[in-house]
Amino acid sequence: MNQEPDFWERLEQLARDCPLVIDRPAGSRHPRWADKVYPLDYGYLDGTRAADGGGIDAWRGSLAENAQPASAAVTGVLVTLDSRKRDAEIKVLLGCTPEEMQVILRFHNDGQQSGLLIERPREV
């Protein structure tokens with residue numbers, strides 16, 4: 001049996017170590033596309049770096065609403081491709097229900113953007 005930490009464990013540790021900064025609360029509008037309204041809290045993990053030079057993007061669901069970032073479990077990731085910007089990113093999903101993950105997926109599968117949801121396997 002492999003004793004190395006897996007992807008989900010490492011991502012969970014990153015989410016515990018790096019504070020979540022919400023810069024687009026649920027209900028706020030996208031700064032460039034006013035018709036896009038964020039259905040859940042959206043921000044980034046402070047102290048991290050993504051390909052675009054900013055922090056790693058993250059969505060916060062209802063399971064993490066009153067939790068500190070250290071107790072907000074990683075429930076999945078979304079891999080996005082934006083053909084307009086010609087880039088790809090990941091979005092960490094923190095404390096999201098299956099329904100909220102589908103809402104986030106629909107938000108990203110709009111216009112020139114496409115997303116692929118990878119749900120964290122549930123412990124057996």
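Trainee: Happy to start with the rings: which residues form one aromatic cluster?

Mentor: Good place to begin, and keep in mind that this is a predicted model. A search of the whole structure finds six aromatic pairs. The residues that form one aromatic cluster are Tyr 38, Tyr 42, Trp 59 and Phe 107.

Trainee: How are the rings of Trp 59 and Phe 107 arranged, stacked or edge-to-face?

Mentor: A pair of aromatic rings is described by the distance of the centres and the angle of the planes. For Trp 59 and Phe 107, the centres are 5.3 Å apart and the planes stand at 80°. Planes over 60 degrees apart count as edge-to-face, so the pair of Trp 59 and Phe 107 is edge-to-face.

Trainee: And how many residues apart are Trp 59 and Phe 107?

Mentor: Trp 59 sits in strand E3 (residues 56–60), while Phe 107 belongs to helix H2. Both residues, Trp 59 and Phe 107, are buried. Their pair links distant parts of the chain, with a separation of 48 residues.

Trainee: Phe 7 and Trp 8 also form an aromatic pair. Is Trp 8 buried or exposed?

Mentor: The pair of Phe 7 and Trp 8 is edge-to-face, at 5.1 Å centre to centre with 80° between the planes. Phe 7 has a relative accessible area of 48% and is partly exposed. Trp 8 has a relative accessible area of 12%, and the cut-off for burial is under 20%, so Trp 8 is buried.

Trainee: Moving on to Val 77, how far apart in space are Val 77 and Ile 90?

Mentor: Val 77 is in strand E4 and is buried, at a relative accessible area of 4%. Beyond its neighbours within four places in sequence, Val 77 is in contact with residues including Phe 7, Trp 8, Val 92 and Leu 117. Val 77 and Ile 90 are 13 residues apart in sequence, and their C-alpha to C-alpha distance is 6.5 Å.

Trainee: What is the phi of Arg 86 near?

Mentor: Arg 86 lies in the loop between strand E4 (74–82) and E5. With 77% relative accessibility, Arg 86 counts as exposed. Most residues other than glycine have a negative phi. Arg 86 has a positive value, near 60°.

Trainee: Last one: which element gives the largest share of the lining of the largest pocket?

Mentor: The largest pocket holds about 540 Å³ of space, and 29 residues line it, with Arg 24, His 30, Tyr 38, Lys 85 and Gln 113 nearest its centre. Strand E1 (20–24), strand E2 (41–45), E4, E5 and helix H2 (98–108) each give two or more residues to that lining. By type, the lining of the largest pocket divides into six nonpolar, nine polar and 14 charged residues. The largest share, four residues, comes from E5.

Conventions: Residues numbered from 1 in each chain as written. Predicted model: local features only at pLDDT ≥ 70, side-chain atom pairs only at ≥ 80, totals over all residues. Heavy atoms only, no water. Buried < 20%, exposed > 50% of the residue type's maximum accessible area, 1.4 Å probe, protein only. 1 Å grid on protein atoms, 1.4 Å probe; cavity = no way out; pocket = protein on both sides within 12 Å on 5 of 7 lines; lining within 4 Å. Points joined across faces, edges and corners; volume = space filled by probe spheres on them. Nonpolar A, V, L, I, M, F, W, Y, C, P; charged D, E, K, R; others polar. Phe/Tyr/Trp six-rings, centres within 6.5 Å; stacked < 30°, edge-to-face > 60°. Contact = heavy atoms within 4.5 Å.
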